[in-house]
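Subject: Structure handover and side-chain notes

Hello,

Here is the structure for you to open. My notes on its side chains follow below.

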Amino acid sequence: MTTTTAALAVGCAGAGGRCGRRGVLVTGGASRARWYSTRFVVAAADRVPTDSRRSTYLRSRSFAVTVHQCSRLRARARARFSFVIRNRRLVANGRRFRIIIRRAVHRSDGKTTLVPLGERDPFGPEGIISPSPQGFDGRLFCCLGAHGLTRDGKTPAEAWTFEMDRTLWKTTITSYAGWFTNSFRRRRSVLVGLLLSILLLVICVQYNTTNDIGIQSIRTTLIMSEFETNEQALSKQQQSVPIPAQVKNIKKDEDINFIERQQPARKSRRTQLNTELQEPLPYVPPHRLVHIDFKGAPPKLLYLQKLFPLIKKFGGTGLLLEWEDMFPWSGNLSPMAAGNAYSKADIKEILKMASENNLEVIPLIQTFGHVEFALKLPDFAHLREVQESPQALCPSNNASLNFIEQMIDQILEIHGNVKYLHIGCDEVFQMGECFRCRAKAREDLFLSHVKQVATYVRMKSPVTTPIIWDDMLRHLSVATMQLYDIGKLVEPMVWVYAEDVYRFVMQIVWEKYQIVFPHAWTASAFKGAFGETLYIPNVKRHLENNLNWLQLMSNENSRFTGGFKGIAITGWQRYDHFSVLCEVLPSSIPSMVVNLLATTNGYMNQSLQANLNEGLNCGIFSHTNEYDGDFLNLNTDPYLWEQFSRCTFPGNQFFRLLYRLHTIEIDYDEFILVTKKNRGWMTSYNVEHDFSAPIRVDELMTDHSHIHRSLLSLIRPLQESLIGIFDKYTVSEWIEQRIYPMIRELEKIQKEAHDLKAKKTWPKRPLPMLKELSRIGVTDRELSTPSNDGT
């Protein structure tokens, strides 16, 4: 029996006709060739379509193939694999080929004859390959480097020969085996990737588990070792020193991610832990000052007597006291003292209470800007930089320095030789405007004035270091500040009350400060920073501000020669001397305590909840949250009404009443919006023309009496809750600013509603024009219509 053999020659080409070791020609036709080096692709194109059965045969048959690799440089190797021809694609070993039949080989009686495709139909009855119902019987050779596609007239360095030997009894088994093998190999990259991912996940989990167990074992060993040897010493240390913890960043998606407390492994005298296993300690400022602003609203001494121990209990080390007009100025300065100012005996008692609680007192006086409490008076109006405004002193007026020296003398006389004196100098809005100062540069005016004041302080009390607010220094150059030796005279207190601290004091500013100043202070806020008319602080925002300050101080501390001295948590009572009251002290105690506790420990998380509840005397009413993260629920309760309303801290009754006021305000604002703006029967137009529907007026006034009675019922308890904290003037001012405007507006609307309903008949339209409109150019004459030509 003659064996019929056909060979499909697959060309190999590239730059200069060269062949790579693992490449096979990829073409779409007999006349075009492209080279691919990483995958085999051969197409069943250019085949002579003589019979539909042959097309089906080429698309659907599977073959078991023996591969012969022919090379001049290596011995012949054999490898067996399968391929399948489907949809005019040859798939072999997971690779896809596009078949181009370039020529056929007729092999008979041991002779091989190359038959050009154009001369004979290899698939016809007279051709070489003739399909039969029993399958294809013979051998199929597919060689590289066939006629016309050689390199330098020689065969390529490598040639692949596909030898197919198919028998009838292997048809079914081979077909299914080839299908299964190729299906697997076509997806082997996906399967291999999946297996590698699973393996990597298992390794990571195993590594983390082993690492955690190892570290925990080391920590347990160290703690137990130290506990056994130093049990009494550790117990005393834990009572006096807060456990340090790790500070991490806060989330940006409007959510406070309370910083996880990570207790570092204690050092053992016998065991030394690898530095990689030691966790960094959280940054805790050396001094933690609480700023108390007395401007125009002095708390009673009895309330301060309760407040100072609370500050000390939660980690405060000192007080930054801003006296302003509440100080008992005397002599030429006596007009500056307010009618309800403290007496000298009161000041001494306050200082005594601070000393009893080991709180260092740093007095704060304004010596450049924000001197409204003095410059508003006719006695000191001549010291103004701008005569129309009492905001800032004229630094070129010799009388200004005499005035400041007298203030410093009286402050130091009562406070003694304090270690620090804050001399203000922030927000000098008006400078270089009077006839004396116009010829000088603003930076020279500022720095020369600060130098004079700081020099006088150091001369008067050599142990006293002046502190100034930093905002007027941020734009100054290093050379300018060094020219006035400002770094040797004062220490800056860098203040930012917003959450993003670096946004307001950028890195370039810190680099300048680190060159000029060996030390620095920082200032955050627990109240009085997010609105002049607020009556309760947003604890969420203030806490984020303080935690971001801790992170920044941790980053920048080592760059200063002496590091940071500390942080002042400010609590402003007014934005300036003329402003109304913002958040007063009793409404801000939870905010003060939370932020002071965070700065004292370097973090804020659920581990501090017991200390928080105990310090605020929450008792059996203490709020607990078992969920991790935001244990204070600041996202839903940013003012902490739900958390601390039942606690008995100083001022708790007033704090609780503010929640009632808040709910009444919501109803009031909605009533005003609906009545005067959203609905069309009680607007200013209706009231002015006495023109409305009585039934509609009754509908709008449904909630009026309820809101009005609620406000009236709140006045007496508010008075009673504040009378033990502030004097009658402050209590009266607060109610006048917060409650009375709403009552007055409701009474006005009630009168308007009464007048509108009293009307029984109404005029026909058009209603008369409002005479006051003529003042803004509205005429009562009929306007002519302009013509098309514009005349």
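Tyr420 is buried, at 4% relative accessible area. Buried here means under 20% relative accessible area, exposed means over 50%, and partly exposed is in between (1.4 Å probe, protein chains only).

First, the ground rules. This is a predicted model, in which local features need pLDDT of at least 70, side-chain atom pairs count only at pLDDT 80 or more, and totals for chains, interfaces and linings use all residues. Residues are numbered from 1 along each chain as its sequence is written, and side-chain values use heavy atoms, with hydrogens and water left out.

Aromatic rings

The whole structure holds 20 aromatic pairs. Rings of Phe, Tyr and Trp (its six-membered ring) pair if their centres lie within 6.5 Å; planes under 30 degrees apart are stacked, over 60 edge-to-face, the rest tilted. Tyr420 pairs with Trp521: the ring centres are 5.1 Å apart and the planes stand at 85°, so this pair is edge-to-face. It links distant parts of the chain, with Tyr420 in strand 17 (residues 420-422) and Trp521 in strand 20 (residues 520-527), 101 residues apart. Helices (H or I, at least four residues) and strands (E, at least two) are DSSP runs, numbered from the N terminus. Trp521 is buried too, at 1%.

Tyr513 and Phe517 make another edge-to-face pair, 5.9 Å centre to centre with 75° between the planes. Tyr513 is buried at 0% relative accessible area. Phe517 is buried at 1%. Both belong to a cluster linked by ring pairs, together with Trp510, Trp549, Phe560 and Phe564.

Two arginines sit over rings. The charged end of Arg474 is over Trp495, 5.6 Å from the ring centre. The charged end of Arg541 is over Phe530, at 3.7 Å from the ring centre. The rule is NZ of Lys or CZ of Arg within 6 Å of the ring centre and within 35 degrees of the ring normal.

Cysteines

How many disulfides does the count come to? The count is one, taking a disulfide as a pair of cysteine sulfur atoms within 2.5 Å. Cys618 is joined to Cys647, S to S 1.9 Å. The link is right-handed, with 95° about the S-S bond of Cys618 and Cys647. This pair also links distant parts of the chain, 29 residues apart: Cys618 is in the loop between helix 16 (609-615) and helix 17 (641-644), and Cys647 is in the loop between helix 17 and helix 18 (652-678). Cys618 and Cys647 are buried.

Cys434 is in no disulfide; its nearest cysteine sulfur belongs to Cys437, 3.4 Å away. Cys434 is buried, at 8%. Cys425 is buried as well, at 0%. Cys425 lies in the loop between strand 17 and helix 9 (442-460). Its phi is near 70°, a positive value in a residue other than glycine.

Salt bridges

A search of the whole structure finds 13 salt bridges. The cut-off is a side-chain nitrogen of Lys or Arg within 4 Å of a carboxyl oxygen of Asp or Glu. Glu733 and Arg574 meet at 2.8 Å, N to O. They link distant parts of the chain, 159 residues apart: Glu733 is in helix 22 (residues 728-738), and Arg574 is in the loop between strand 21 (564-571) and helix 15 (585-601). Glu733 is buried at 18%, and Arg574 is buried at 6%.

Arg559 bridges to Glu556, with the closest N and O atoms 3.3 Å apart. Arg559 is partly exposed at 44%, whereas Glu556 is buried at 1%. Asp755 and Lys751 meet at 3.2 Å. Both lie in helix 23, four residues apart, about one turn of the helix. Asp293, Lys295 and Glu322 form a network of salt bridges.

A buried charge

Asp325 lies in the loop between strand 13 (318-322) and helix 6 (344-356).

Backbone

The peptide bond from Arg765 to Pro766 is cis, with omega near 0°. Pro766 is in the segment after helix 23 (740-758).

Best wishes
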